[in-house]
Amino acid sequence: MIIDVRKCLAQGKFNADVAFSYRPDEGLIDIPYVSFKEPIAVKGSYHILEDDSLEFEAEVTYTLQGLCSRCLRETEETVKTSLHVYFVTEDNEEDYLFRG
């Protein structure tokens, strides 16, 4: 997902809700015989602040499927986690830097 901060500022959109899903690279999982069952779902919002920094909050949901390491039966687990990210225009080594 790309949020064009300049475009949002020009349109006067300082806050918005976002929802999207995507297929992750299977190489992200290093557990043998485990894969993503369905696309990762992201639902959240962003806020552009006065200094053009961007705050992004979301709930990320995904399901893993694979073989149990104890009994080798097929199993799946749904994971929900919160994400809170802060993007800045100047590098301060504590937050995520973005340009443009």
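The chain has one helix and six strands, where helices (H or I, at least four residues) and strands (E, at least two) are DSSP runs numbered from the N terminus. Reading from the N terminus, the order is α-β-β-β-β-β-β. The radius of gyration is 18 Å, well over the 13 Å that the globule rule gives for 100 residues, so the chain is more spread out than a compact globule. That radius is taken over C-alpha atoms, and the rule is 2.2 Å times the number of residues to the power 0.38. Along the principal axes, the C-alpha atoms fill a box of roughly 55 × 25 × 20 Å.

A quick word on what you're looking at: this is a predicted model, so local features need pLDDT of at least 70 and side-chain atom pairs count only at pLDDT 80 or more, while totals for chains, interfaces and linings use all residues. Residues are numbered from 1 along each chain as its sequence is written, and side-chain values use heavy atoms, with hydrogens and water left out.

Now for burial. Of the 100 residues in the chain, 24% are buried; buried means under 20% relative accessible area, exposed over 50%, and partly exposed in between (1.4 Å probe, protein chains only). Here are some residues that come up in this report:

| Residue | Relative accessible area | Class |
|---|---|---|
| Cys8 | 9% | buried |
| Tyr33 | 68% | exposed |
| Phe36 | 9% | buried |
| Tyr62 | 23% | partly exposed |
| Cys68 | 23% | partly exposed |

On to the aromatics. The whole structure holds two aromatic pairs, meaning Phe, Tyr or Trp rings (six-membered ring for Trp) with centres within 6.5 Å; planes under 30 degrees apart are stacked, over 60 edge-to-face and the rest tilted. Take Phe36 and Tyr62: their ring centres are 5.9 Å apart with the planes at 70°, so this pair is edge-to-face. Phe36 sits in strand S2 and Tyr62 in strand S4 (residues 54-67), so the pair ties together parts 26 residues apart in sequence.

What about disulfides? A search of the whole structure turns up zero, a disulfide being two cysteine sulfur atoms within 2.5 Å. Cys68 is in none, and its nearest cysteine sulfur, from Cys71, is 3.6 Å away.

Last, the surface. Tyr33, Leu67 and Leu72 make a nonpolar patch with about 360 Å² of accessible area together. Tyr33 itself is in the loop between strand S1 (15-22) and strand S2 (34-36). Patch members have over 30% relative accessible area and no salt bridge; like charges are joined within 9 Å, nonpolar side chains (Val, Leu, Ile, Met, Phe, Trp, Tyr) within 5 Å. A salt bridge is a Lys or Arg side-chain nitrogen within 4 Å of an Asp or Glu carboxyl oxygen. Areas come from the Shrake-Rupley method with a 1.4 Å probe; for residues, only the protein chains shown count as cover.
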